[in-house]
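Here are my notes for your next look at the model. Please read them with the structure open beside you.

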Amino acid sequence: MAYSRTTTTTKPSPSSSSTLGSLAKEISLPEDAQDTISSVSWSPAAHHLAAASWDGKVRIYDVDAGSGAARGVAMLAADGPLLDCDWAEDGTLVVAGGADAKTHILHVATNQTATLGSHEKPIRGVRFVSVPGSSGTPIVASGSWDRTVKYWDLRQQHHDAVATVACGERVYAMDAKANLLVVATAARHVHLIDLRNPGAILRSVNTPFTYQTRAVAAFPDGKGWATAGLEGRCGINVLDEMAAGNNNFTFRCHRTPPPPSTANKQQPQQKPQPTQVWAVNAVQFHPVRPAVFVTAGSDGTFHFWDRVAHSRLKGYPAGAGVVAITAAAFSRDGAYLAYASGYDWSAGAAGHAPGVRTRLALHPVTLEESTPRKG
């Protein structure tokens with residue numbers, strides 16, 4: 001099964017004050033990470049922010065809800081780069097996974113850590129999920145390059161997964177909301193798992209992309225998902241196939257058009273410059289107004305979109321010294337968008353410039369950019 005091929009292309013005027021925003025009110029957080037931040041996640045119970053980094057650490061910040069000022073309160077250290085992190089629903093635990101193939105748990109209040117279990121290859125995605133029979137105990141789902149998703153029960157001490165789902169290919173991105181677990185793999189596959197039956201894949205689809213999937217996000221109510229990839233495109237799909245219609249669509253984003261042609265009549269054969277296409281590294285839905293979502297990319301920009309109206313609400317340019325945005329997440333009330341910037345390793349080690357800053361920042365979300373259009 002494939003996505004709908006309906007494409008919506010939004011081309012707001014670069015000079016339009018109604019669609020371009022200012023970074024003047026951005027709040028910088030401590031620049032503690034020694035390498036690229038791969039994942040950021042807010043606590044569902046407090047203004048605590050977790051940031052996982054390629055330096056092998058997850059740092060926890062206590063963010064003042066009014067000023068945005070932050071201080072470090074806890075940290076988890078692993079044996080290799082960490083690629084994802086997530087919070088338990090009660091805000092007491094953080095899970096992380098990465099290159100050492102282990103699922104790490106941090107108890108934030110005590111700063112104590114534990115290892116739940118491991119995969120055969122690096123872990124790309126981790127999520128706390130609710131499944132039948134867990135009696136309220138958090139269950140961790142982890143997706144790995146070993147082509148499996150495994151579930152871990154925190155009550156069990158023998159470090160064996162309670163269930164394993166074969167995904168057929170390497171897991172590249174994963175997200176879970178309500179009863180939906182979305183798993184994106186190599187070969188452009190997306191597996192949908194109903195967490196009421198977590199041991200089986202409900203449905204598998206192919207993305208509309210030509211190249212690798214970078215990020216997925218489930219709707220807050222679990223009734224759909226977004227997919228983003230290397231080629232400057234994002235796809236939106238609903239779970240109910242009968243309701244697909246105009247609800248399923250793809251659109252172009254994070255693309256830089258060429259400058260106006262400088263060719264004159266004496267150079268009629270001058271070739272036009274190509275549009276620059278950037279990877280979309282993050283896609284996230286607003287927790288309070290789920291018709292609104294944000295994308296962030298390797299061009300260093302982030303944009304707010306209206307899923308229902310198929311339009312852009314607001315866009316923000318790359319800040320000074322920002323090379324790429326590597327991760328983004330809304331706070332539990334949607335008041336802040338946390339985003340990380342730094343080198344995204346898209347050009348490998350050869351493309352890494354020594355002077356690139358790894359930065360973590362907060363964007364205060366305005367009502368204008370988080371309110372769906374009427375009509």
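**Charged residues and strand pairing**

1. Start with K314. K314 is buried at 7% relative accessibility; buried means under 20% relative accessible area, exposed over 50%, and partly exposed in between, with a 1.4 Å probe and protein chains only. The side chain of K314 meets that of E368 in a salt bridge, 3.4 Å from N to O. A salt bridge here is a side-chain nitrogen of Lys or Arg within 4 Å of a carboxyl oxygen of Asp or Glu. K314 sits in strand 28 (residues 311–316) and E368 in the segment after strand 31 (359–364), so the pair ties together parts that are 54 residues apart in sequence. Strands (E, at least two residues) are DSSP runs, numbered from the N terminus. E368 is partly exposed, at 47% relative accessibility.

2. A word on the basis of these notes. This is a predicted model, in which local features need pLDDT of at least 70, side-chain atom pairs count only at pLDDT 80 or more, and totals for chains, interfaces and linings use all residues. Residues are numbered from 1 along each chain as its sequence is written, and side-chain values use heavy atoms, with hydrogens and water left out.

3. The structure holds 13 salt bridges. One of them joins R127 and D175, with the closest N and O atoms 2.9 Å apart. This pair links distant parts of the chain: R127 is in strand 11 (residues 123–129), D175 is in strand 15 (residues 171–177), and they are 48 residues apart. R127 is buried, with a relative accessible area of 11%. D175 is buried too, at 3%. Both belong to a network of salt bridges that links D84, R127, D175 and K177.

4. E169 and R170 also form a salt bridge, at 3.3 Å from N to O. R170 is partly exposed, at 33% relative accessibility.

5. D299 deserves a look. D299 lies in the loop between strand 26 (292–297) and strand 27 (302–306). D299 is buried yet has no salt bridge. The nearest side chain of opposite charge, R312, is 8.4 Å away; Lys and Arg count as positive, Asp and Glu as negative, and His and the chain ends are not counted. Which side chain makes a polar contact with the side chain of D299? That of T301 does, at 2.9 Å. A polar contact is a pair of N or O atoms within 3.5 Å; within protein, one must be able to donate a hydrogen and the other to accept it, and residues adjacent in sequence count only if both atoms are side-chain atoms. Leaving aside neighbours within four places in sequence, D299 is in contact (heavy atoms within 4.5 Å) with H254, W278, A318 and V323.

6. Strand 26 leads back to strand 25 (residues 280–285). The two form a hairpin with six residues between them. They pair in the antiparallel sense over five bridges; pairing requires that DSSP finds at least two bridges between two strands. Q284 has V294 in strand 26 as its bridge partner. Five of the six residues of strand 25 are buried, so this strand is largely enclosed by the rest of the structure.

7. Four strands form an open, antiparallel sheet in the order 7-8-9-10. Strand 7 (82–87) and strand 10 (112–118) stand at the edges, each with a single partner strand, so one side of each is left without a neighbour in the sheet. Strand 7 pairs with strand 8 (residues 93–98) over five bridges, antiparallel. D84 stands opposite G97 in strand 8.

8. D90 is in the loop between strand 7 and strand 8. D90 is partly exposed, at 49% relative accessibility. The side chain of D90 makes a polar contact with the side chain of T92, at 2.8 Å. D90 and A45 are 45 residues apart in sequence, but 5.8 Å apart in space, C-alpha to C-alpha.

9. Two bridges join strand 2 to strand 31. S28 stands opposite A361 in strand 31.
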